[in-house]
Amino acid sequence: MADTESITSLEGKLIIGIDLGTTKSAVSVWDEKEGRVKIILNSAGKDFTPSLVAWDRPNSQWIVGERAKEFFKHRPGDVVYSIKRFIGRLFTDPEVIKNFGKMTYNLVSGGGNNQLEDIYVDFGEESTSPPRQSAPQISAHVLRSLRQDVANALSLPLESVKYAVITVPAYFNVLQRRATIQAGQEAGLEVVDILNEPTAAALSYNAVLTPKEKRILVYDLGGGTFDISLIEAQCDKDGYMFYTHMVDGNTHLGGDDIDASLVDWLKREINARYGEA
């Protein structure tokens, strides 16, 4: 968290809030006129951006969001999704081993020399292939797109959209948080704080916050996980105070996993009725 001196120096500056999700991401700003947080619409006019990053070989450029979906139909190996499941983890992590074989893109080891960049996406050895991209670098493409959306929506030069608060799951460890900060830096952002997602959820429903101490259960069904957090919350003249007492959940019970289970079930049903293809 930013120290007191840093917070003072940020007064009056534009600070964007980013939800960097496993399957979808969003960005918001404080609307002074309306006195509330406002979600920024992307170039497609939507309030969220799919966390998909595609390598457009014919044009040698990166594509993010809705347009990346089109590439998945033709070159699934060139489209990266759910990278949040790998950010800040070692290639030998049991959670990584459990997941990487299910992906349509190719994950490779970084050799264990850098804990923040030990997982890379390999796009092959064709002349049109980009260099290997680490998990933070892939996430940076999404963050860069969100940053550009803010600049476009507010008619600001990109360099003036500089400061950001990024949310992460409460269970993220130090390496995962540091890797998220690195992704922000790769996108040209100065990450002034990392905020736990349950805390962000409690803040968005600040009507429940009073000077009286409260304990709140926050359920978070995301693209990658289904989590629950027990938060102690209080509000006084100096602001909000949050304490996370407990975090639990299933890191393989998110939207991605539900989709995969439905596909597996449909495959079994079709095979049972019509025989295997």
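In this predicted model, Leu-107 has Val-121 of β9 as its bridge partner. The pairing to which this contact belongs joins strand β8 (residues 106-109) to β9 in the antiparallel sense, over 4 bridges. A further antiparallel pairing links β9 with strand β10 (residues 133-134), this time over 2 bridges. Here Tyr-120 finds its bridge partner in β10, namely Ser-134.

| Strand pair | Sense | Bridges | Bridge partners, one example |
|---|---|---|---|
| β8 (residues 106-109) and β9 | antiparallel | 4 bridges | Leu-107 and Val-121 |
| β9 and β10 (residues 133-134) | antiparallel | 2 bridges | Tyr-120 and Ser-134 |

Strand β9 spans residues 119-122 and is covered on both faces. Ile-119 and Val-121 are buried on one side, while Tyr-120 and Asp-122 are buried on the other.

A separate feature is the second largest pocket, with a volume of about 520 Å³. Its lining comprises 19 residues, and those nearest the centre of the pocket are Thr-23, Tyr-81, Ser-82, Asp-256 and Asp-259. Two helices, α2 (66-74) and α7 (255-274), each contribute at least two residues to this lining. The largest share comes from α7, which provides 4 residues. Sorted by class, the lining of the second largest pocket holds 8 charged, 6 nonpolar and 5 polar residues.

Note on methods
Residues are numbered from 1 along each chain as its sequence is written. This is a predicted model: local features need pLDDT of at least 70, side-chain atom pairs count only at pLDDT 80 or more; totals for chains, interfaces and linings use all residues. Side-chain values use heavy atoms; hydrogens and water are left out. On a 1 Å grid over the protein atoms alone, a cavity is a set of points where a 1.4 Å probe fits but cannot get out, and a pocket is an open set with protein on both sides within 12 Å along at least five of seven lines; lining residues have an atom within 4 Å of a point. Grid points are joined across faces, edges and corners, and a volume is the space filled by probe spheres set on the points. Ala, Val, Leu, Ile, Met, Phe, Trp, Tyr, Cys and Pro count as nonpolar, Asp, Glu, Lys and Arg as charged, and the others, Gly among them, as polar. Buried means under 20% relative accessible area, exposed over 50%, partly exposed in between (1.4 Å probe, protein chains only). Two strands pair if DSSP finds at least two bridges between them.
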